[in-house]
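Subject: Handover of a model and notes on its sheets

Dear colleague,

Please read the notes with the structure open beside them.

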Amino acid sequence: MTRMFSVKKIFLLLEFLFTMIVYAQIPTGYYSTATGSGYTLKTQLYNKIKVQTVLSYDALWTTYATSDRDNQYENDNTILDIYSENPTGVDPVIFIYITNQCGSASQSNCYNREHIVPQSVFNSASPMVSDAHFIPPVDGSVNTLRSNNPHGNVATATSTTLNGSKSGTSAVPGYTGTVFEPLNEFKGDIARMYFYFATRYENTVASYVFDMFNGTNNQVFTTPFLNMLITWHNQDPVNAREITRNNAIYNRQNNRNPFIDHPEYVAMIWSTTSDNQSPTSASNLVASNIATTSLTLTWDASTDNVGITAYEVYMNSLLKTTVATTSCSITGLVENTSYSFYIKAKDLAGNVSANSTTLNATTLQFFDIIPPTIPSNITNSAKTTSSLTINWSNSSDNIGVTFYDIYVNGVLKTTVNTTSAIITGLTGLTTYSIYIKAKDAAGNISIASSPINLTTCNCF
């Protein structure tokens with residue numbers, strides 16, 4: 001089977017373009033109770049995601065029908081195996097759903113169920129044994145190669161798989177056993193599975209013996225492994241494939257991996273040191289799309305040792321709005337008025353940057369060149385020997401009509417600000433031609449209404 005490298009790249013680009021659309025599938029209010037930080041937040045998440053539909057171990061095969069198909073790289077709907085996928089070229093092996101399903105076999109023809117936290121750690125107990133959030137389908141022989149060893153950075157490889165994953169001596173500080181290291185492309189995926197396990201099973205994890213665990217239910221991981229997982233998480237961000245998997249498993253189990261939906265939770269819970277470092281100042285603040293009552297601000301992103309969570313936008317030294325992106329629209333301004341703006345960046349720990357350089361911008365002055373509509377429906381409601389009373393329908397205007405000019409026999413007779421007028425100083429039993437023009441505040445004048453001929457009476 002031949003696959004073109006350029007096609008794979010196209011799908012990877014599309015993956016990022018659709019990431020935010022997929023994010024919208026998080027159920028409304030799912031994380032409404034996740035309001036804390038540190039281990040308090042972790043417990044709040046535990047209380048949410050422990051509410052789960054527990055499926056059987058064999059039900060994992062059905063879950064994989066929607067959770068782990070390759071619709072991002074080759075886009076061929078085969079099983080996406082993180083231990084055999086080649087993200088930048090042709091896969092060394094492929095697995096067809098159901099056809100290549102098996103318990104254990106050679107790398108060339110089998111995928112099985114890989115417990116990222118080995119079954120032996122929790123004695124194959126339920127619900128852990130069948131929780132798809134940390135059990136992806138993988139190459140059978142690579143699963144055997146990994147065995148029950150921790151995931152970690154390899155110092156010296158003793159075995160390398162067909163896609164470049166490797167097993168070997170540990171480069172994790174303080175750990176001298178064998179570790180298994182996946183491709184960089186999937187390190188964040190695996191880290192977030194570990195963070196899920198530590199949170200979902202907070203009530204029992206302290207009793208589990210595993211080289212990566214420290215025997216607590218809060219930090220869960222030894223500090224060297226925790227630091228490594230945080231690094232993997234930060235260097236390999238969440239992508240559309242993970243989000244699709246999270247949604248598919250939610251549809252089966254009715255719980256989610258919160259660290260896929262909200263990657264920032266990792267730092268909020270497991271920051272191993274106090275973050276006292278403020279972000280850098282935002283730079284290159286620019287105003288564009290300047291109109292009479294609005295404008296758009298854009299700026300270059302700040303940097304931070306952990307991560308930026310928000311930007312505060314100040315107008316005339318007062319906080320105007322807070323946004324998560326590097327642009328915002330400012331509305332409700334006054335025409336032909338000067339405003340000053342600056343930005344402050346905030347990080348996960350609440351540290352705030354110094355002000356950006358102040359930008360001064362002036363809104364445009366409004367020039368109204370649109371005349372009112374033509375007055376209509378002129379009627380005569382009363383007449384005397386020397387006067388006529390007329391009424392008409394309102395004209396409309398983009399800003400507002402201010403006056404109506406009344407013309408008699410082609411000469412301006414009077415100006416009023418209502419839709420009625422009494423025309424005086426006339427002669428009895430005389431016919432007069434009358435029309436009206438509407439005027440707005442900018443001095444724009446409408447086309448004259450259709451003239452109406454009215455005759456005074458000989459009244460005594």
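Strand E15 (residues 401–408) is joined to E16 by 5 bridges, and these two strands run antiparallel. Within this pair, Asp 405 has Thr 415 of E16 as its bridge partner. Strands here are DSSP runs (E, at least two residues), numbered from the N terminus, and two of them count as paired if DSSP finds at least two bridges between them.

As to provenance, this is a predicted model, in which local features need pLDDT of at least 70 and side-chain atom pairs count only at pLDDT 80 or more, while totals for chains, interfaces and linings use all residues. Residues are numbered from 1 along each chain as its sequence is written, and side-chain values use heavy atoms, with hydrogens and water left out.

The pair above belongs to an open sheet of 4 strands, ordered E16-E15-E18-E19 with antiparallel pairing. Because strand E16 (411–416) and strand E19 (452–455) stand at the edges with a single partner strand each, one side of each has no neighbour in the sheet. From one strand to the next, the twist averages 35 degrees, where axes are lines fitted to C-alpha atoms and angles run from 0 to 180 degrees between N-to-C directions.

There is also an open sheet of 3 strands, in the order E13-E14-E17, again with antiparallel pairing. Its edge strands, E13 (376–383) and E17 (420–423), each pair on one side only, and neighbouring strands are turned by 25 degrees against each other on average, direction ignored. Strand E14 (residues 388–393) is joined to E17 by 4 bridges, with Leu 388 standing opposite Ile 423 in E17.

Best regards
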